Amino acid sequence: MMGNKNNQKYYLEITKPPGKPYKENHVGRFLWAPKSPKYWNGREGKIGLLKIGDIVLHNVRGEIVGYSKVAEKPQIVSQEEIIDIFRKVGIWTKSYKKFAERWFNKSEDGRFYLVKLRDFELLPHKVNYTKLKHLPRPTYIQGIYLLEIDPRVLEELGIMFKEDVQISRITTSLSNICSVLDFKQLLILYGPPGTGKTWLALRYVRDATGEDVPGNKWEFITFHQSYSYEEFIEGFRSRTENGQITYVIEEGILKKLTLRAILEAIKDKGLLTEDEIRELEDYLRNDSTDYSRYSKLKQKLWNALLSLSKEERKELFKDAPTFYLIIDEINRGNISRIFGELITLLEKDKRLGQENEVIVTLPYSREPFGVPPNLYIIGTMNTADRSIALIDIALRRRFAFIEVEPEPEKLKGTIIEGIDLGKLLESLNKKIEALKDRDHRIGHSYFLNISTREELHRVWYQEIIPLLQEYFYNDWESLKFILGDFIEEEKVKTPFGERSTYRIKHLEGEDFVNALKRIAEGE
């Protein structure tokens, strides 16, 4: 079991929401309670005691359904903000409104405590509360929402963090991302195809923001060879109005997300009115048709920011909500063409309010522009497409890197008709690394969620073999070494002597199974 490092504590959430939200988006994503001393550190709740990294078990109608970790320290939010969160995670239904209204009436001043959670894991089986001897008696917990519990409950539930490879690897990866982003704010996850880089980035951002879909506190894009500065930052776009073609400056995804992050940080700070902030947010989510009004509001925003001292700007972004941009396949884009001069502004010490703050004038709109410290960027990079040694030097200097490697141990215990998928992947990757390099290994995700020979047959012939053919294009000797019986060789007499021709051999039934077994055993 995980030790109690850094005074990590364990808590139990006790809730009876309508429906089955632990299978949806509520339980394990956040905790909330009316603003009142009895929920902050009273008998009914201990929200005020929660620290980042603490473990929370979730008791839904008398059954422990899963567990999660505290992602951020408790904060106080308005009723409107709580309802907005409910809408974003898709639980603001008629039945949940009724449930929530009972709690709304218990708040002292119409505000609420909110704690964001991460790394939610459903238990393999729900466990009846009364079966766990290290939890308080059911009569004791009546009327309680959150209480501290004995860590030995985890042993009873069989949550053996260090022994459970899959959970510990995921938790470690997410923790690494968190610590690196805090230090650098710019991160690239790199590794061979199929290692879960994009999945890991999406999971981290969804857990960090509590939002399952992009459009508010996070965005997702994919770079490609023709992606440009005009799409990423800003550029001229044509519009047709009343039969007339006009050209306006349209903002790209980074500029829009930057402005959203700034607006979130200045709320309740008096720089703009609530109506002006709401109007700007509407313009950013729905491309503005009133370009003149939108420009004036942006000018007012930047004038207000620039009227502050650097120290005041730094204080402005302290504890501001975080925003994220995920850039998939970041190495496939032309970095100089996409980022232009703004790549310098992404550095941590060059951001708004920081030691070496840089604010520039954009070339198209002539507007001021700076990157706020509450915006984080996570890129993913497929090393089979392009080695990390060859990526743009501007990225290498400014981004931190975390390697996401193939993990055959995630396939541990997955055996299909005698074929050990973990051993199969390990054997393939040893041969690939020996013949080519480690950047072209195969990730474990290709073999996840396979349970039948038919599924394995489909993945093998439609995904694994085509990938290897791409890696070893027209190099049939190497393919034969890796794939063994799946490569058929035929000798052909030519005017220049005997030559070999090769083709992929389609095996079925026992022949298919035995051929894979031989590869898994390293033959």
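Student: Ground rules before we start?
Tutor: The model is predicted: local features need pLDDT of at least 70, side-chain atom pairs count only at pLDDT 80 or more, and totals for chains, interfaces and linings use all residues. Residues are numbered from 1 along each chain as its sequence is written, and side-chain values use heavy atoms, with hydrogens and water left out.

Student: How many salt bridges are there?
Tutor: The count is 31 salt bridges. The rule is a side-chain nitrogen of Lys or Arg within 4 Å of a carboxyl oxygen of Asp or Glu.

Student: What does R260 form a salt bridge with?
Tutor: Its partner is E219, with the closest N and O atoms 2.8 Å apart. R260 lies in helix α8 and E219 in strand β9 (residues 218-222), so the pair ties together parts that are 41 residues apart in sequence. Helices (H or I, at least four residues) and strands (E, at least two) are DSSP runs, numbered from the N terminus.

Student: Is R260 buried or exposed?
Tutor: R260 is buried, at 5% relative accessible area. E219 counts as buried too, at 14%. Buried means under 20% relative accessible area, exposed means over 50%, and partly exposed is in between (1.4 Å probe, protein chains only).

Student: And E276, which residue does it bridge to?
Tutor: K300, with the closest N and O atoms 2.6 Å apart. E276 sits in helix α9 and K300 in helix α10 (residues 291-306), so this bridge ties together parts 24 residues apart in sequence. E276 is buried at 12%, while K300 is partly exposed at 39%.

Student: What about K350?
Tutor: K350 pairs with D349, closest N and O atoms 3.5 Å apart. K350 is buried at 18%. D349 is partly exposed at 26%.

Student: Which residues do shared partners join into one network?
Tutor: E234, E251, K255, K298 and E367.

Student: Switching to aromatics. How many pairs?
Tutor: There are 25 aromatic pairs. Rings of Phe, Tyr and Trp (its six-membered ring) pair if their centres lie within 6.5 Å; planes under 30 degrees apart are stacked, over 60 edge-to-face, and the rest tilted. Take Y204 and Y324: they are edge-to-face, 5.9 Å centre to centre, with 85° between the planes. Y204 is in helix α6 (residues 197-209) and Y324 in strand β12, so the pair ties together parts 120 residues apart in sequence.

Student: Are those two buried or exposed?
Tutor: Y204 is buried at 7%. Y324 is buried at 4%.

Student: Which residues do ring pairs link into a cluster?
Tutor: F30, W32, Y39, F86, W103, F104, F112 and Y145.

Student: What lies over the face of W103?
Tutor: K106, at 4.8 Å from the ring centre. K436 lies over F472 in the same way, at 5.5 Å from the ring centre. The rule wants NZ of Lys or CZ of Arg within 6 Å of the ring centre and within 35 degrees of the ring normal.

Student: On to the backbone. What's up with D268?
Tutor: D268 has a positive phi of about 65°, though it is not a glycine. D268 sits in the loop between α8 (253-266) and α9 (274-285). It is exposed at 72%.

Student: And D319?
Tutor: Its phi is positive as well, near 65°, and D319 is not a glycine. D319 is in the loop between α11 (310-316) and β12 (323-328). It counts as exposed at 60%.
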